[in-house]
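Please keep the sequence and the model in view while reading.

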Amino acid sequence: MLYAICTILIIAIILWIASFFMQDKFKQLEDQFEQFSISSLQETYQLKKKISVLEEELLIDDVSVEQSIHPSSPQQTTILRRVKELYNQGHDTDYIAEQVNMNEYDVISIIKQF
């Protein structure tokens with residue numbers, strides 16, 4: 001009986017000492033999760049920067065399109081009338097753009113204003 005208790009104590013002490021030299025699996029998981037969190041935050045930040053740059057470019061394009069659409073001369077007024085006439089006749093936007101020598105995107109923008 002004494003031998004059994006001594007053997008169990010010795011095994012327990014050996015296992016306890018060995019536990020200090022074992023790698024902590026939870027620590028590794030925490031480190032991996034932290035790295036994943038940091039990388040996902042960095043990617044989110046980069047995507048937000050790209051979106052803001054694209055929004056700025058779109059705003060600049062919209063301002064330039066609005067300036068080109070709003071009539072500031074009699075020629076632009078006639079172009080707007082011509083676009084409206086061709087659209088009411090049922091022509092496609094590419095045909096209208098070709099007829100008035102404008103970009104198809106600008107023609108679509110003008111049509112959306114009607």
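Which residue forms a salt bridge with R82? The partner is E85, and the closest N and O atoms of the pair are 4.0 Å apart.

## Basis of the model

This is a predicted model, in which local features need pLDDT of at least 70 and side-chain atom pairs count only at pLDDT 80 or more, whereas totals for chains, interfaces and linings use all residues. Residues are numbered from 1 along each chain as its sequence is written, and side-chain values use heavy atoms, with hydrogens and water left out.

## Overall fold

The protein chain contains 5 helices and 0 strands, and its elements follow the order α-α-α-α-α from the N terminus. Helices here (H or I, at least four residues) and strands (E, at least two) are DSSP runs, numbered from the N terminus.

Of the 114 residues in the protein chain, 11% are buried, where buried means under 20% relative accessible area, exposed means over 50%, and partly exposed lies in between (1.4 Å probe, protein chains only).

## Salt bridges

A salt bridge is defined by a side-chain nitrogen of Lys or Arg within 4 Å of a carboxyl oxygen of Asp or Glu, and a search of the whole structure finds 2 of them. E85 is partly exposed, with a relative accessible area of 41%, and R82 is partly exposed at 35%.

D31 and K27 form a salt bridge in which the closest N and O atoms are 3.9 Å apart. Because these two residues are 4 residues apart in helix α2 (residues 25–69), about one helical turn separates D31 from K27. D31 has a relative accessible area of 36% and is partly exposed, while K27, at 45%, is also partly exposed.

## The largest nonpolar core

The largest nonpolar core comprises 9 residues, namely L80, V83, L86, I96, A97, V100, V107, I110 and I111. To this core α3, α4 and α5 (104–113) each supply at least two residues. Such a core is a set of buried Ala, Val, Leu, Ile, Met, Phe, Trp, Tyr and Cys residues joined through side-chain atoms within 4.5 Å. When residues up to four places away in sequence are not counted, I96 touches V83, L86, Y87, H91, V107 and I111.

H91 is situated in the loop between α3 (74–88) and α4 (93–100), and its relative accessibility of 30% makes H91 partly exposed. With residues up to four places away in sequence left aside, H91 touches L86 and I96. The side chains of H91 and Q89 are joined by a polar contact of 3.3 Å, a term that denotes a pair of N or O atoms within 3.5 Å; within protein, one must be able to donate a hydrogen and the other to accept it, and residues adjacent in sequence count only if both atoms are side-chain atoms.

N101 occupies the loop between α4 and α5, where its phi is near 55°, a positive value in a residue other than glycine. With 71% relative accessibility, N101 counts as exposed.

Terms used. Contact means heavy atoms within 4.5 Å.
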